[in-house]
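Dear colleague,

I am passing on the structure we spoke about, and below it you will find notes on what came out of going through it. Please read them with the sequence and the structure open beside you.

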Amino acid sequence: MRSLKFVTAFASIIAMSSAANAENHRDEKVQAPKLVVAIAVDQLSSDLFTEYRSTFTGGLKRLSDGAVFPAGYQSHAATETCPGHSTIMTGAHPGRAGIIANNWIDLGIDREDKTVYCAEDERVEGTSFGDITKATQATYVPSAWHLLVPTLGERLKETSPKSRNVAVSGKDRAGLMMGGNIVDAIYWFSGDKFVTAAGKDTLPSITALNAKLTPTVNQARAPFAVPEHCKARMAKIEHGEGKSVGEYTFARPQGAGRIFRLSPDHDTAIVSAAKAVASEMKLGQGEATDVLSLGLSATDYVGHAFGTAGVEMCIQMAELDRNLGDFFEFLDSKNIDYVAMLTADHGGLDLPERATLQAMPDAERLDFKLSAKVIGEAVKQELGLETDKPLLYADSPFGDYYISRDLDLETSGKVKLAAMAAISGHSQVETVLDGKEIAKMPMPSGTPEEWSLADRVRASFHADRSGDFIVLLKKGVTPIPSTARGYVATHGSPWDYDRRVPILFWRAGMTGFEQPLSVKTVDIAPTLGSLIGVDMSGDDIDGRCLDLDAGAGSTCN
């Protein structure tokens, strides 16, 4: 008995000692990196990451050796580019950040074009986002003024004025949503060169890069070599009107610059611009920590134009891995102490013509009759309304629908009920949710895969910008009725194939680990903020810090 008491007492001492050591480790502050590199790969779903993970040998392999959260979530319903990018560096859901979609309708705006682009400043007189269905030209001024929550880089500059907040991206909305309103430098690809925001000077290194890049955009391009593991994915898939995907290897004829961005070369150009900016500005080499947000867009363009399951995406994944490896080697050559994070703004679904052949028999294209115009005309007839003006407005067949403001209150209510009933009865519609009811809900929290559809909508709902009602399509419905305009596949649904994205962190010397339980992209900014001493708590933050220390210590202060 005495012996047992001695052993028990000794074990208690050891346990207390271990707990004390662990507590001491937790109190030790990890030295802040000199550079935060936040990478968003447009349309890199968790499905794509998992499918190709075993083939990675470059930058994605390096990131896979760090802290890996394969079940990350863009947890909201509006899984589009702008909302997704807005979550990454703000730590806020799109509904809180005000970025409810790529485009929304503002019936009170003082211009003929009532469509508002998420990254424009429509207060500028004479501007318009345009209308692709009417081939009208956009004349908008790119801006992040719609973003209602500051980014990590902006918060860092408040406490550390010598820090630089920089963004380089393939799309204006990617850079603007990750950089925010206060940036030291920002560049995105437009046409055949990199441009910057109004009022900002262009760095000499970007001017020099453009001089080399612009002529090559329209030059003929030989096919990419097909990696061995991609050859089995080369199969012709017809999607209508004599067009097909599944055999394209990104060869371009002379003068075909318009399709430059639909290839891995687009990401190569973005990485080149990031290297040029980082080198000239000496990012990560000053007294204070800098933030570089990098938006790689080619995966999204490839997914839209060719789908996610063919040889085109396979080649793109190999080239993305190579491009990221090249960028990390560049940072290594500068002896910069950096932390890298990679995630995506949303996932994606393959084109239905191929999906139906690959164990998804219910995949289908949207019925062209499911639109604000068609439904609006049907409601006019049902209610006996005589007006030449539209009753319903929407940017797309799914998402936010708006009732005309020209109607009296009673008629508006009748139109809303009739439209919601008509749309709800469509075989491709999962549900229609009332905006007033969504607005009453608290912002959701907890495990994102367990959220209801209403929770997912609430996370991307803003009372001043969202629709009078929200339409959600069924799983497997691709909201592109025709592929005539060149897009064969897309995203934007509340389903997990569009919500699930990888979240990866890497820093030299860290012990890697994998955490398969779900986390959210709104957790990224608080996690990075803790590493660099930026407080990311408060009522405008929806995320939490993720501990990147695989041992007893913690990177969450």
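A residue is called buried here when its relative accessible area is under 20%, and exposed when that area is over 50%. Please keep in mind throughout that this is a predicted model.

By that cut-off serine 297 is buried, since its relative accessible area is 1%. Serine 297 lies in the loop between β10 (290–296) and α10, and, leaving aside residues up to four places away in sequence, its contacts are Asp42, Gly170, Lys171, His266, Asp267 and Ile270.

On the α10 side the contact is made by Ala298, Thr299, Val302, Gly303 and Phe306, while α11 contributes Glu312, Met313, Gln316, Met317 and Leu320.

Elsewhere in the chain, helix α4 (residues 81–90) is mostly covered, with 10 of its 10 residues buried; among them are Cys82, His85, Ile88 and Met89. Glycine 91, which follows α4, has a positive phi, near 75°.

With best wishes

Definitions and conventions
Residues numbered from 1 in each chain as written. Predicted model: local features only at pLDDT ≥ 70, side-chain atom pairs only at ≥ 80, totals over all residues. Heavy atoms only, no water. Buried < 20%, exposed > 50% of the residue type's maximum accessible area, 1.4 Å probe, protein only. Helix = DSSP H or I, 4+ residues; strand = E, 2+ residues; numbered from the N terminus. Contact = heavy atoms within 4.5 Å.
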